[in-house]
Amino acid sequence: MELRFLAVIMLILSGTFCGVIYSEKLKKRVVYCHEAEKLMRHCEVMIRTGGTDIFGIIRALKTEKFSCLGFIYELPEEYSASCSIREKWRTLLLRDKSVPDEEKAVLAELVEVLGTTDVQGQVSSIGSQLVRMEELRELRRQEYIQKGRLYRSLGVMAGVSVGIILI
């Protein structure tokens, strides 16, 4: 009897744990969008105030704390004829499988804008991409609120259901 009781408790906890893991995946998407917005705002400010080039922007971004945008720390800080900064950015961005495609597309567009036009053109392009990222963040936040609660509840219910079957 005690063994069955322990098995039921373990099943309930494992179901809850699975629900929490899936819920946290949704939360990570919200955090990713938030950090991408922060990155874009830093780029916009650096371009607007000093007309900073792409390598200056990368150097400044590396001093910031980004938990989800780890590819920033792998980018080169100096110009190299053998390495295209835009290609490296896209390659590192596409390698991260945890990032949804919509967010990848916005960040890939960002690097195409940096350093290619005058200051006003860059700022307006970043502004439109920032609006897209804010919309994505709000969409991800709504998903987290709705589906996160669902995943946690389903995890608990699945654990309880299997536990009841064992009893």
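How many disulfides does the structure hold? Zero, with a disulfide taken as a pair of cysteine sulfur atoms within 2.5 Å.

## Cysteines

C33 is in no disulfide, and the nearest cysteine sulfur, that of C68, sits 9.6 Å away. C43 is likewise in no disulfide; for C43 the nearest cysteine sulfur belongs to C33, 16 Å away.

C33 is buried, at a relative accessible area of 0% (buried means under 20% relative accessible area, exposed over 50%, partly exposed in between, with a 1.4 Å probe and protein chains only). C43 is buried too, with a relative accessible area of 0%.

## What you are looking at

This is a predicted model, so to speak of ground rules: local features need pLDDT of at least 70, side-chain atom pairs count only at pLDDT 80 or more, and totals for chains, interfaces and linings use all residues. Residues are numbered from 1 along each chain as its sequence is written, and side-chain values use heavy atoms, with hydrogens and water left out.

## Fold and overall shape

There are five helices and zero strands in the protein, which gives the pattern α-α-α-α-α along the sequence. Helices (H or I, at least four residues) and strands (E, at least two) are DSSP runs, numbered from the N terminus. The protein is more spread out than a compact globule, because its radius of gyration is 22 Å, well over the 15 Å that the globule rule gives for 167 residues. That radius is taken over C-alpha atoms, and the globule rule is 2.2 Å times the number of residues to the power 0.38.

Boxed along the principal axes, the C-alpha atoms fill roughly 75 × 30 × 25 Å. Of the 167 residues, 35% count as buried. Take the contacts (heavy atoms within 4.5 Å) between residues at least 6 apart in sequence: 65% of them join residues at least 24 apart.

## Surface and charge

The accessible surface comes to about 9,900 Å², and 61% of that belongs to carbon and sulfur atoms. Areas come from the Shrake-Rupley method with a 1.4 Å probe, and for residues only the protein chains shown count as cover.

On the charge side, the protein has 24 positive and 22 negative side chains, and the centres of the two sets lie 5 Å apart. Lys and Arg count as positive and Asp and Glu as negative, while His and the chain ends are not counted. Each charge is placed at NZ of Lys, CZ of Arg, CG of Asp or CD of Glu.

E24 is found in helix α1, which covers residues 2–50. With 39% relative accessibility, E24 counts as partly exposed. From E24 to A36, 12 residues along the chain, the C-alpha atoms are separated by 18 Å.

T49 lies in helix α1 and is exposed, at a relative accessible area of 66%. T49 and V119 are 70 residues apart in sequence, yet their C-alpha atoms are 9.3 Å apart in space.

K62 has its place in helix α2 (residues 54–62). Leaving aside residues up to four places away in sequence, K62 touches I72, Y73, L75 and E77. K62 and I72 are 10 residues apart along the chain, with 6.6 Å between their C-alpha atoms.

E138 belongs to helix α5 (residues 119–166) and counts as partly exposed, at 32% relative accessibility. Its C-alpha atom is 8.0 Å from that of V30, even though E138 and V30 are 108 residues apart along the chain.
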